[in-house]
Amino acid sequence: MPIDPRELPIYEALDELGIAYERFEHKPTVTMEICDEVDRITGVEHCKNLFLTNRRKSSFYLAMMGANKRFQTALISRQLDCSRLSFADDGLLNEKLRLLPGAVTPLGLIYDKRHEIIVVIDEDIKLLNRISVHPGVSTASIALKTTDLLSFIAHCGNRMRFVKI
């Protein structure tokens, strides 16, 4: 299967930063069961990524947590001291990160030139040696060192907040 053009800017940015990664193709990951299947193939845990907004749609967050964790809006909102968060709509996802539903990834932060998205990371993510995320499409995953992913986010200029989920 050829590489989707939406992936290319992400690979270029990773290469420029000298970040090593492995790419795996798979069927679209529309459920966590399919993500579990991909994890077995890659040997690396997938990271659940959620694009969130506040009630007024004036603040945006990309939440990263382990695939086995349940999103609890009140818990995260309280730790961030913000109004109750909810899922941002598909239009905002495309506008802010140039991503489609099912392909949410912190690697899409290269498109957030205004650095308006705050990355909310579950503290347990830091304990993982390697992590798997989408490269801008839901039909592929890349495995990389967790520290390299955090370096990529910092390079993009987005603020990071660590929370306990």
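Select Thr53 first: with a relative accessible area of 1%, Thr53 is buried, where buried means under 20% relative accessible area, exposed over 50% and partly exposed in between (1.4 Å probe, protein chains only). Thr53 belongs to strand β2, residues 47-53; helices (H or I, at least four residues) and strands (E, at least two) are DSSP runs, numbered from the N terminus.

A note before moving on: this is a predicted model, in which local features need pLDDT of at least 70 and side-chain atom pairs count only at pLDDT 80 or more, while totals for chains, interfaces and linings use all residues. Residues are numbered from 1 along each chain as its sequence is written, and side-chain values use heavy atoms, with hydrogens and water left out.

Now show what surrounds Thr53. Its side chain reaches the backbone oxygen of Ser59 at 2.9 Å. Contact here means heavy atoms within 4.5 Å. Not counting residues up to four places away in sequence, Thr53 touches Ser58, Ser59, Phe60, Arg84, Leu85, Ser86, Phe87 and Ala88.

**Along β2, β3 and β5**

Select β2 together with β3 (60-66). The two strands run antiparallel and are joined by seven bridges; strands pair if DSSP finds at least two bridges between them.

Is β3 mostly covered or mostly open? Mostly covered: seven of its seven residues are buried. β3 and β5 run parallel, joined by five bridges, and Phe60 stands opposite Ile117 in β5.

**Into the cores**

Next, pick Phe51 and Met64, the residues with the most contacts inside the largest nonpolar core, which has 33 residues. A nonpolar core is a set of buried Ala, Val, Leu, Ile, Met, Phe, Trp, Tyr and Cys residues joined through side-chain atoms within 4.5 Å. α5 gives the most, with five residues.

Around Met64, leaving aside neighbours within four places in sequence, the contacts include Cys47, Pro106, Val119, Ile121, Leu149 and Ile153. For a second, separate core of 13 residues, select Leu50, Phe71, Ile76 and Leu85, which are among its members.

**Helix α4**

Look down the axis of α4. Leu92, Leu93, Lys96 and Leu97 are buried, and the buried residues fall within an arc of 105 degrees, so they line one face of the helix. The arc is that of the directions from the helix axis to the C-beta atoms. These buried residues pack against β2, β3 and β5. At the start of α4, a side-chain oxygen of Asp89 comes to within 3.0 Å of the backbone nitrogen of Gly91. Just after α4, Arg98 takes a positive phi of about 60 degrees.

Which order do the strands take in the open sheet of three? The order is β1-β7-β6, with antiparallel pairing. β1 (22-25) and β6 stand at the edges, each with a single partner strand, so one side of each has no neighbour in the sheet. From one strand to the next, the twist averages 25 degrees.

Four bridges pair β6 with β7, and Val133 has Ile142 in β7 as its bridge partner. α5 packs on this sheet, touching β6 and β7, and its direction makes about 100 degrees with that of β7; axes are lines fitted to C-alpha atoms, for helices over the stretch in contact, and angles run from 0 to 180 degrees between N-to-C directions.

In α5, Thr146, Leu149, Leu150, Phe152, Ile153 and Cys156 are buried. They fall within an arc of 155 degrees, so they line one face of the helix. On the other side of α5, Thr147 and His155 are exposed.

Finish at Arg130 in strand β6. Arg130 counts as partly exposed, at 28% relative accessibility. Its side chain makes a polar contact with that of Glu22 at 2.7 Å; a polar contact is a pair of N or O atoms within 3.5 Å, where, within protein, one must be able to donate a hydrogen and the other to accept it, and residues adjacent in sequence count only if both atoms are side-chain atoms.
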